[in-house]
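Subject: Structure handover

Hello,

Please find the structure below, followed by notes on what was found in it. The notes cover the backbone and then the salt bridges.

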Amino acid sequence: MPSSPKFLHAQHRQSPSPRRSTVLILASCLLIGISGFVFGFAAILSSSRVSYKCSNAEPRSVRVVWERVGGDGNGNGFGGASSGGDPKRHRVMGFVGIQTGFGSVGRRRSLRQTWMPSDHQGLQRLEEATGLAFRFVIGRTNDKSKMLELKKEVAEYDDFLQLDIEEEYSKLPYKTLAFFKAAYALFDSEFYVKADDDIYLRPDRLSLLLAKERTHSQTYIGCMKKGPVFTDPKLKWYEPLSHLLGKEYFLHAYGPIYALSADVVASLVALRNNSFRMFSNEDVTIGAWMLAMNVNHENNQALCEPECTEKSIAVWDIPKCSGLCNPEKKLLELHQKESCSNSPTMASDE
C-alpha cells in the first residue's frame, strides 16, 4: 500500500521543491477565490429572502391585470398577476379584501370614519397591531366618469386592490375568484378573508380568530347556514341552476364575511376558471367549491351578530339584510356605541 503524502505528516516533513511550492500556492489561491464566491453568492440569496413588510411610504393600492393564456382548450383561463410593482408577496397573517362597487362611495366613506382608518399612519398602526392587511376590492367599468372618480379616490386614500374584471352584481362569483387569485399572488397570508363593505367589523377580534391553532390546514371559516333554494325568477336570490341543487342548499357560509386558509386558496389558484361551476349567488358558489375539497367547515356565529356584544366579530342585520340595512348611516351609529368600538377584546371560547 503506498504511503500517505509526506506533507501530511509532521514527523516526516521535508522542504518542498520550488515547483511543488508554486503549485500549492496556486491551489490555495484558487480555493480561497472559490470560497469567497460561494459565500458572496449565499449572502445575495439570503438578502433576497428578507420578508416584506407593508410600509406607509409605499403605495398600498395596486391594479392587478390577469393575462389571458392559451393552450387549455377553454379560451378563458387566466395567467399570473402583474401589479407593475415589487414582485415579492407581502407577508401578513390575514388579508381582508373588502368587496365594494362604484355605487358604494358612501359606504366606503362611512367605513373610513369608523373601524377602518382613512389615513396611512392609522391604517399602518391597525395592520401592525392585528397582523391583518385591509384593501377595498373593486373591478372596472366602461363608464369613464366613474373610473375617473375611482382614480381620484385611489390617489387620495391609497387603499384599493383593483381587478381587471367587469364590476357587475351578476358576476360576483367571477369577481370573488379573481379576488382570491389576486390576493394570493400579492400576499403571503395564512388566511384570505372576503368581507362586504356594509358590515361593522372588529379587526382585533378577527385577528384573534385567525390566529387560533388548528389541526386542519384547509379551513373554511364563516357563519354557516342552510336554507331553501330560490326557484322564483322574481326573487333577488333566484338560482337558475336550482335543478342541480334540490330544494335545500348545502351547508355554506353567509356571504358578508368568511375566511379561507392559504392551502384552500392555493388550490383555487391552481385550477382553471372553467373547472368550477358558477352558481348565481357568490356565497353558494364558494360553498359548492368547499364541498368538493377536503376542507374543514368552521362555524362561528360571532361573524353574523345582529348587535355588538363582547365577542362579536362582524355585525350586520341578519336576517333582514345581507349586511347592514342602510349601511352608511348604521355604520356611524354603531361606532358611537361603547359595545362596538371600545369594548375589551375577548378571546373566543370556540
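Helices (H or I, at least four residues) and strands (E, at least two) are DSSP runs, numbered from the N terminus. This is a predicted model, in which local features need pLDDT of at least 70 and side-chain atom pairs count only at pLDDT 80 or more, while totals for chains, interfaces and linings use all residues. Residues are numbered from 1 along each chain as its sequence is written, and side-chain values use heavy atoms, with hydrogens and water left out.

Backbone

Asn-326 sits in the loop between S11 and H9. Its phi is positive, about 55 degrees, although Asn-326 is not a glycine. The loop between strand S11 (314-315) and helix H9 (327-335) also holds Pro-319, and the peptide bond leading from Ile-318 to Pro-319 is cis, with omega near 0 degrees.

Asp-158 is another non-glycine residue with a positive phi, near 55 degrees. It is found in the loop between helix H4 (144-157) and strand S5 (160-166). Asp-158 is buried at 11% relative accessibility (buried means under 20% relative accessible area, exposed over 50%, partly exposed in between, with a 1.4 Å probe and protein chains only).

Salt bridges

A salt bridge is counted here when a side-chain nitrogen of Lys or Arg lies within 4 Å of a carboxyl oxygen of Asp or Glu. The count by this rule is 20. As background, side chains of opposite charge can pair when their charged atoms come close.

One of these bridges joins Arg-91 and Glu-190, with 3.6 Å between the closest N and O atoms. Arg-91 belongs to strand S3 (residues 90-99) and Glu-190 to strand S6 (residues 187-196), so this pair ties together parts that are 99 residues apart in sequence. Arg-91 is partly exposed at 38% relative accessibility, and Glu-190 is partly exposed with a relative accessible area of 38%.

Lys-194 pairs with Asp-196, the closest N and O atoms being 2.8 Å apart. Lys-194 is buried at 3%, and Asp-196 is buried at 16%.

Glu-307 and Lys-337 form a salt bridge with closest N and O atoms 4.0 Å apart. Glu-307 is in the loop between strand S10 (296-299) and S11, and Lys-337 is in the loop between H9 and helix H10 (338-341), so the pair links parts 30 residues apart in sequence. Glu-307 is partly exposed at 45%, as is Lys-337 at 40%.

Regards
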